[in-house]
Amino acid sequence: MSPQLTDEPATQEACERLLALFAREGYRRVEPPVLQPAEVFLDLSGEDIRRRLFVTASGDGAELCLRPEYTIPVTRMLLAGHDGGPLRAAVSYLGPVFRLRAGETGEFPQAGVESFGREDTGAADAEILSLAMEAAAALGLRDPVVRLGDMGLLNAVVTALGADAPTRRRLLRGVAAGQPLAALAGNGDGDGDYAGLLDALAGQDPRAAQAFVEDVLAIAGISRVGGRSASDIARRFLARAERRAAAFGDEKRAVLERYLAIAGDPDDAVTELRRLAADAGLDIGAAVDLFEERLGFFAARDVAVERIRFSARFARNLDYYSGFIFEIDDPARPDRRPVAAGGRYDGLAERLGAAAPVPAVGCALWLDRFDSLTLTA
């Protein structure tokens with residue numbers, strides 16, 4: 001299947017060269033359907049993405065969209081054709097995607113690779129970053145700026161600080177969205193009208209607390225709400241009170257702020273991370289070890305680690321990213337929008353129906369952001 005995104009011979013040759021590079025590394029080309037179920041993207045990327053999708057409906061009324069990216073469609077396609085056993089695949093793609101972008105076209109060509117099933121995490125991550133940089137160079141980028149982040153590290157720090165699942169999810173999404181940490185780590189979490197009740201439940205014996213809530217509901221004449229019994233409602237309030245009591249205080253917030261301030265040379269970041277873990281008593285050794293191991297694999301692939309900038313605040317507001325993430329910028333672009341990006345997403349396949357998590361990592365290149373190419377999708 002030969003790519004044909006343009007009639008311009010030089011650009012067509014560049015696309016062929018790009019796919020040949022991917023094939024050289026063992027990535028076979030695939031092409032998932034353009035029409036995709038919209039619900040999948042809303043579930044995994046949040047409702048905010050809806051305003052950027054091109055949405056339509058099928059004959060039976062199901063909500064569909066034009067694919068806004070390739071990672072989810074490629075994963076769905078591989079799972080649909082999988083006949084059991086461990087999923088292992090290395091695939092590439094090159095074609096149009098459709099997503100509203102401020103100041104840019106809503107239909108644009110994208111190329112990339114996705115690797116599934118490799119257990120050698122650090123080596124696989126390094127291969128993807130190295131391949132993304134080589135692909136960008138093949139498309140004319142001579143002075144790349146690489147920004148590195150790590151959702152696995154961020155998750156490990158928040159978990160080690162004792163955050164429960166809802167708090168952890170709120171913090172991760174908030175950091176990715178650039179929200180102030182003080183607003184994210186406080187006790188609010190939408191308690192509003194129930195603050196007094198939750199305060200009354202704090203520190204009580206669980207049985208006594210549940211009986212108290214049931215009594216309050218009985219006094220109000222409430223026996224069922226939305227199909228839930230008074231006991232069910234009481235248990236939910238109790239769980240909410242426990243989460244509220246465990247919310248981040250000033251000391252934990254200070255530790256997280258210290259982590260988020262780590263930036264610069266990745267090797268120096270390792271030293272700072274280990275110092276933070278020792279000072280704060282954080283059990284994040286495994287995540288730091290993987291971070292350091294990955295840097296070694298970068299060097300083994302001749303990736304100049306000293307040219308990479310790490311930022312603990314660099315995060316992605318997509319639920320499926322689980323490990324290292326990166327962006328490649330062209331400093332000559334006035335808008336400094338990335339020309340390539342990628343990362344690890346070990347939980348995506350399971351969320352799309354796989355029986356267990358599948359190690360996965362990949363990258364994408366926005367071909368229309370390379371000045372050397374003249375593309376029409």
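Aspartate 150 is buried, with a relative accessible area of 6%. Buried means under 20% relative accessible area, exposed means over 50%, and partly exposed lies in between (1.4 Å probe, protein chains only). Aspartate 150 sits in strand 7, residues 145-150. Strands (E, at least two residues) and helices (H or I, at least four) are DSSP runs, numbered from the N terminus.

This is a predicted model, in which local features need pLDDT of at least 70, side-chain atom pairs count only at pLDDT 80 or more, and totals for chains, interfaces and linings use all residues. Residues are numbered from 1 along each chain as its sequence is written, and side-chain values use heavy atoms, with hydrogens and water left out.

**Contacts of aspartate 150**

The side chain of aspartate 150 has a polar atom 2.9 Å from the backbone nitrogen of leucine 153. A polar contact of 3.2 Å also joins the side chains of aspartate 150 and arginine 294. A polar contact is a pair of N or O atoms within 3.5 Å; within protein, one must be able to donate a hydrogen and the other to accept it, and residues adjacent in sequence count only if both atoms are side-chain atoms.

**Salt bridges**

How many salt bridges does the structure hold? There are 27 salt bridges. Each is a side-chain nitrogen of Lys or Arg within 4 Å of a carboxyl oxygen of Asp or Glu. The table lists some of them.

| Pair | Closest N and O atoms |
|---|---|
| Glutamate 104 and arginine 337 | 2.5 Å |
| Arginine 147 and glutamate 327 | 2.9 Å |
| Arginine 333 and aspartate 335 | 2.8 Å |

Take the salt bridge between glutamate 104 and arginine 337. Glutamate 104 lies in the loop between strand 5 (89-98) and strand 6 (107-116), and arginine 337 in the loop between strand 12 (324-329) and strand 13 (340-344), so the pair ties together parts that are 233 residues apart in sequence. Arginine 337 is partly exposed, at 26% relative accessible area.

Next comes the salt bridge between arginine 147 and glutamate 327. The pair links distant parts of the chain, with arginine 147 in strand 7 and glutamate 327 in strand 12, 180 residues apart. Arginine 147 is partly exposed at 33% relative accessibility. Glutamate 327 is buried at 13%.

Arginine 333 is buried, with a relative accessible area of 12%. Its salt-bridge partner aspartate 335 is partly exposed at 37%. Salt bridges that share partners join Arg101, Glu104, Arg333, Asp335, Arg337, Asp368 and Arg369 into one network.

**Loop residues**

Aspartate 330 is in the loop between strand 12 and strand 13. Aspartate 330 is buried, with 13% relative accessible area. Its C-alpha atom is 8.5 Å from that of phenylalanine 370, 40 residues apart along the chain.

Arginine 336 is also placed in the loop between strand 12 and strand 13. Arginine 336 is partly exposed at 38% relative accessibility. Its phi is positive, near 55°, although arginine 336 is not a glycine. Most residues other than glycine have a negative phi.

Aspartate 302 has a positive phi too, of about 65°. Aspartate 302 lies in the loop between helix 13 (285-300) and strand 11 (308-311). Is aspartate 302 buried or exposed? At 72% relative accessibility, aspartate 302 is exposed.

**A charged patch**

Asp267, Asp268, Glu272 and Glu306 form a negative surface patch. Patches are made of residues with over 30% relative accessible area and no salt bridge, with like charges joined within 9 Å and nonpolar side chains (Val, Leu, Ile, Met, Phe, Trp, Tyr) within 5 Å. Glutamate 272 lies in helix 12, residues 266-280. Glutamate 272 is partly exposed, at 32%.

Conventions: Accessible areas come from the Shrake-Rupley method with a 1.4 Å probe; for residues, only the protein chains shown count as cover. Lys and Arg count as positive and Asp and Glu as negative; His and the chain ends are not counted. The place of a charge is taken as NZ of Lys, CZ of Arg, CG of Asp or CD of Glu.
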